[in-house]
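The following report describes the architecture of a two-chain complex.

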Amino acid sequence: MSVDFDCVTVDNLSRNFGRRRALNRVNLTCRAGEIVGLLGPNGAGKSTLLAILSTLLTPSSGEVRYGSVTAIASGAALRGSLGLLGHDLYLYPELTARENLEFFTRLYGCPDVSAVVDAALGRAMLRERADDLVSGFSRGMRQRLALERALLHQPRLLLLDEPFTGLDDASGQALVARLRGLRDDGRIVLVATHDLDLAEGLLDRVAILRDGRLWMAESSSASLRERYRDAVAVARA
Amino acid sequence: MTQFLRVAWIVMRKDLTVEVRSREILYTTVFFAASCVLVFAFALVREGRPMEDAAAGILWIAIAFAGTLALGRTFERERQTETLRALMLAPSDRPAIYVGKLLGILLLLGVVELVLVPMVALLFNAPFGASLGWLIALLAGGTLGFVSVGTLFAAMLVRARSRDVLLPVLLYPITIPIIIAGVRGTVALLQAVPDEPMARFWAALLVFFDVVFVTLALWTFEPLMTE
């Protein structure tokens, strides 16, 4: 039970928290087969935008269209096409890596639970630690497990909030390769990150958020770092 | 419907697995409820003779307090790991998540009541065994009503800064009719000759409350949980 789509359109989206406007008339389109970077200083509205795209948060005005449908119109079916890796990893520390993945695989209604879980454990490089409690894992191991948790149901739209946090170089490179694989597989990947070193080589397009406004959205290039610094500098001025 | 019940079952099983592994909520609630009964027993039992109808009141007060503790801790666990968000992202009806959490807390309180009832019977000389069937009906109805409202409020308050204060403040005024019905029904059973027609009346009233509260909770859970 899921809705398929080949683009996500953010149309004039605003979100207020009391008097504070976290997002201000944001417009953005992400297409299947691309990795879009969402950059911006702390408090720029990146996590709010990801929360709205994941249907956890409702916009104050404007809308998000997933292909031709909206979150309100498709509800549970749409959530079957969304995967979210938040800054918090959404894992149960009292359960083992395998139990966590089995729980979410069943919750998402995936067939052949044990095959899906074994494959996910392999991709997370956690086969040897599969039956250890997650509470004993390092941040990097949890991060890898959480990414596979978000991908268990093969979502069309993958939303990642600071996915490189806690990863060593090898795991970071493995994540880059994994995200490229997902892009080549026709997924839509939206990455909120501060890690420009990794972002520069990975992103097809970038959107920079500043004070809730979309500052620019264009093809990723070698001058990304310079432009990002300009945006942050302007925001702080 | 099958999908709804499947998701509820998965969530309940996960909660029980986590609880069996940590035993945090079970131990806390059982010790708290037992301490509560013990303190009241010292205050209200003189020379082996308890104050009239005290047993019913103490039993339900202990259930309400233990239930509040269990509700708070269950959702605190989800808050610490932000896993409630992951549950909300599941491609299923969100009320199924509510039902799963509700069933988990019900089972937990059922275990607490298994300890509480004999303890109250012993310390307050309460002849619960005379109408055990009706007592079970009253406890089941009362616990379901209390937990149905409590699960909704605890989930709703999971992001509130003052959630520990707000939960009892919101929960008790609304569940007072349930607790009163439970107490009056239990008092009827503790008479020299158990007043079963009266117990039946209060049990029926509890069923009515349960239907109303569960229906309202299922109806409002999704909009309340969407931020």
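Predicted model: local features only at pLDDT ≥ 70, side-chain atom pairs only at ≥ 80, totals over all residues.

Strand E1 (residues 7-17) of chain A is joined to E2(A) by 8 bridges, and the two run antiparallel. Within this pairing, Leu13(A) has Val26(A) in E2(A) as its bridge partner.

A parallel pairing is also present: strand E3 (residues 34-39) of chain A pairs with E9(A) over 4 bridges. Here Ile208(A), in E9(A), is the bridge partner of Leu39(A). Strand E9 (residues 205-210) of chain A is largely enclosed by the rest of the structure, because 5 of its 6 residues are buried.

The two pairings are set side by side below.

| Strand pair | Sense | Bridges |
|---|---|---|
| E1(A) and E2(A) | antiparallel | 8 bridges |
| E3(A) and E9(A) | parallel | 4 bridges |

In general, strands of a sheet pair through backbone hydrogen bonds, either parallel or antiparallel.

## Chain A: composition and domains

Chain A contains 8 helices and 10 strands. Of the 237 residues in chain A, 47% are buried. When contacts in chain A between residues at least 6 apart in sequence are considered, 71% join residues at least 24 apart.

Two domains divide the chain: domain 1 (1-81 + 156-177 + 189-237) and domain 2 (88-154) of chain A. Between them, 10 residues of domain 1 of chain A are in contact with 10 residues of domain 2 of chain A. The side of domain 1 of chain A that touches domain 2 of chain A comprises 5 nonpolar, 4 polar and 1 charged residues.

Helix H6 (residues 169-184) of chain A includes Gly172(A). Gly172(A) has 18 C-beta neighbours inside 10 Å and therefore counts as partly exposed, since burial requires 20 or more. The C-alpha atoms of Gly172(A) and Gly140(A) are 9.3 Å apart in space, while the two residues are 32 apart in sequence.

## The nonpolar core

The largest nonpolar core has 147 residues. Those touching the most other members are Leu38(A), Leu190(A), Ala55(B), Ile58(B), Leu59(B), Leu116(B) and Val120(B). Domain 1 (1-81 + 156-177 + 189-237) and domain 2 (88-154) of chain A each contribute at least three residues to this core. Apart from neighbours within four places in sequence, Ile58(B) is in contact with Val37(B), Phe40(B), Val120(B) and Phe124(B).

## The interface between the chains

Across the interface, 26 residues of chain A are in contact with 20 residues of chain B. On the side of chain A that touches chain B, helix H2 (71-79), strand E6 (82-85) and helix H3 (97-107) of chain A each supply at least two residues. H3(A) provides the largest share of that side, 4 residues. By class, the residues of the side of chain A that touches chain B are 15 nonpolar, 6 polar and 5 charged.

## Confidence

For the complex, the predictor gives an ipTM of 0.87 and a pTM of 0.88. The average pLDDT of chain B is 92, and 99% of its residues score at least 70. Among the elements of chain B, helix H5 (residues 94-123) of chain B has the highest mean pLDDT (95), and strand E2 (residues 49-50) of chain B the lowest (84).

Technical notes. Residues numbered from 1 in each chain as written. Chains lettered and ligands numbered in written order. Core = buried A, V, L, I, M, F, W, Y, C linked by C-beta atoms within 7 Å. Buried ≥ 20, exposed ≤ 12 C-beta atoms within 10 Å, placed from the backbone. Domains from an automatic or database assignment. Contact = placed C-beta atoms within 7 Å. Nonpolar A, V, L, I, M, F, W, Y, C, P; charged D, E, K, R; others polar. pLDDT = per-residue confidence, 0-100. Pairing = 2+ DSSP bridges.
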